[in-house]
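Keep the sequence and the 3D view open while you read.

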Amino acid sequence: MVRTKILLIEDEPSVRENILELLEAEDFEAIAGSNGRIGIELAQHESPDLIICDVMMPELDGYQVLQTLRKHPDTATIPFMFLTARAEKTDQRQGMELGADDYLTKPFTRVELLGAITTRLEKQAALDLQKDKKLDDLRSHITLYLPYEMDKPLNRILDISQLIMEKWESLERYQIKTMAEDIHQSGERLLRLIQNFLLYAELEIIATDSNKIENLRKTTSKLPNPVLANLIQNLAQKTGRVADLQLDWREATIAMSQNRLNKMLEELINNAFKFSQEGTPVWVNSYSENNTFILSVHDKGQGISEAEMAELEADLQFKGNLYEQQGSGLGLVIAKRLVELHGGKLTIHSTLGEQTTVQVILPLISKGLLP
């Protein structure tokens with residue numbers, strides 16, 4: 001049986017030895033560093049299940065140790081517990097803000113130390129179990145629903161191509177052209193479906209890793225920009241909605257990469273075009289308020305029912321009627337997931353048969369008004 005590994009970082013020899021003896025007596029695999037630098041090296045090489053660290057140490061104090069470990073991908077999520085003789089609330093708050101999981105004040109009893117260790121390990125086990133469940137659910141969703149959603153466009157491609165092969169001698173040129181266009185459209189739909197499933201899988205995996213989320217939020221992009229403008233223009237042209245599109249951008253730098261921002265807007269605007277009639281307006285506008293970037297996509301289309309809204313809120317986009325309209329549910333959930341992973345919020349306000357407004361709120365890096 002693999003023992004739980006605990007790293008102790010403590011500069012006082014007597015305290016260090018006492019805690020090590022206690023941990024070994026409780027059948028933990030205990031390792032120790034006599035200062036902050038050694039502790040960081042041990043954490044990176046030993047991958048402990050829990051780190052217990054003194055605050056006041058020479059060379060590097062406990063706060064510096066924690067700050068260093070939280071920046072490194074291999075140690076960013078290791079549970080971390082402070083030991084300190086200082087009981088001030090400001091000291092505890094500083095440790096918690098840096099990412100500490102617990103704070104034990106010296107002197108402490110054997111029962112208090114073991115209780116704190118047990119609580120922290122149990123919480124970590126619960127988090128690990130939750131992550132595993134999310135990944136299992138993701139595998140189940142993909143296994144069950146991806147083949148089902150691929151079936152219609154794939155069968156369309158196979159049926160039409162077989163018809164061409166069998167009847168090519170009697171088909172008119174315009175008929176072959178029409179069939180080829182149908183095959184191409186089905187192929188595009190199939191490709192988009194597969195790409196969206198892969199992206200959704202990637203986002204769900206990122207959501208289980210706090211370090212990946214942190215790295216994701218370090219990226220930025222500017223809006224508006226030529227790439228995004230060209231993407232939206234192509235969407236409008238492809239759907240014959242150039243005259244319906246109404247843009248009112250405000251210049252800003254947003255905490256989201258350019259590719260992610262483009263994908264989010266592509267899904268939202270594509271849905272607005274898809275579920276509203278040609279000749280009705282689709283508004284896309286943005287503004288800045290209280291250090292946040294607020295973007296809205298509004299259409300005068302068929303709206304979303306309360307049942308569909310409930311499914312979207314519950315992330316049940318793989319099931320049933322949301323896919324009757326060519327994958328709208330997955331596109332919206334991808335957009336929603338992208339926004340949430342970047343520290344933002346996506347809300348949908350809709351009246352069935354009348355209109356839908358999707359609002360996105362994201363952290364703002366800088367802002368300004370276009371001339």
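Leu193 has its place in helix H6 (residues 173–207). Helices (H or I, at least four residues) and strands (E, at least two) are DSSP runs, numbered from the N terminus. With a relative accessible area of 11%, Leu193 is buried. Buried means under 20% relative accessible area, exposed over 50%, and partly exposed in between (1.4 Å probe, protein chains only).

The model is predicted: local features need pLDDT of at least 70, side-chain atom pairs count only at pLDDT 80 or more, and totals for chains, interfaces and linings use all residues. Residues are numbered from 1 along each chain as its sequence is written, and side-chain values use heavy atoms, with hydrogens and water left out.

**Two points in the fold**

- Leu193 and Gly331 are 138 residues apart in sequence, but their C-alpha atoms are 9.3 Å apart in space.
- Ser296 is part of strand E10 (residues 292–299).
- Ser296 counts as buried, because its relative accessibility is 11%.
- Neighbours within four places in sequence aside, Ser296 is in contact with Trp283, Val284, Asn285, Thr357, Val358 and Gln359. Contact means heavy atoms within 4.5 Å.

**Helix H2**

- Helix H2 covers residues 36–46, and its buried residues are Gly36, Gly39, Ile40, Leu42 and Ala43.
- These residues lie on the same side of H2, because they cover an arc of only 165 degrees around the axis. The arc is that of the directions from the helix axis to the C-beta atoms.
- The partners of this buried set are strand E1 (5–9), strand E2 (29–33), strand E3 (50–54) and H3, against which it packs.
- Asn35 caps the N-terminal end of H2, with a side-chain oxygen 3.1 Å from the backbone nitrogen of Arg37. A polar contact is a pair of N or O atoms within 3.5 Å; within protein, one must be able to donate a hydrogen and the other to accept it, and residues adjacent in sequence count only if both atoms are side-chain atoms.
- Ser47 follows H2 and sits in the loop between H2 and E3.
- Phi of Ser47 is positive, near 45 degrees, in a residue other than glycine.
- Ser47 counts as partly exposed, at 47% relative accessibility.

**Helix H3**

- In helix H3 (residues 62–71), the buried residues are Gly62, Tyr63, Val65, Leu66, Leu69 and Arg70.
- An arc of only 160 degrees around the axis holds them, which puts them on the same side of H3.
- The N-terminal end of H3 is capped by Asp61: a side-chain oxygen lies 3.1 Å from the backbone nitrogen of Tyr63.

**Aromatic pairs**

- There are three aromatic pairs in the structure. Rings of Phe, Tyr and Trp (its six-membered ring) pair if their centres lie within 6.5 Å; planes under 30 degrees apart count as stacked, over 60 as edge-to-face and the rest as tilted.
- Tyr63 and Phe82 form an edge-to-face pair, because their ring centres are 5.4 Å apart and their planes are at 75 degrees.
- This pair links distant parts of the chain, 19 residues apart: Tyr63 is in helix H3 and Phe82 in strand E4 (residues 80–84).
- Phe80 and Phe82 also pair edge-to-face, at 5.0 Å centre to centre with 80 degrees between the planes.
- Tyr63 and Phe82 are buried, and Phe80 is buried too.
- Ring pairs join Tyr63, Phe80, Phe82 and Tyr103 into a cluster.

**Nonpolar cores**

- The largest nonpolar core has 46 residues, of which Met264, Leu265 and Leu268 touch the most other members. Such a core is a set of buried Ala, Val, Leu, Ile, Met, Phe, Trp, Tyr and Cys residues joined through side-chain atoms within 4.5 Å.
- Helix H11 (residues 328–341) gives the most to this core, eight residues.
- Apart from this core lies another of 20 residues, among them Ile9, Leu66, Ala100 and Tyr103.
- Leaving aside neighbours within four places in sequence, Leu268 is in contact with Val297, Leu332, Ala335, Leu346, Val358 and Val360.

**Backbone in other loops**

- The Lys106 to Pro107 peptide bond is cis, with omega near -5 degrees.
- Pro107 is in the loop between strand E5 (102–105) and helix H5 (110–167).
- The Leu223 to Pro224 peptide bond is cis, with omega near 0 degrees.
- Pro224 is in the loop between strand E6 (221–223) and helix H8 (226–238).
- Asn290 is not a glycine, yet has a positive phi of about 50 degrees.
- The loop between strand E9 (282–289) and E10 holds Asn290, which counts as exposed at 66% relative accessibility.
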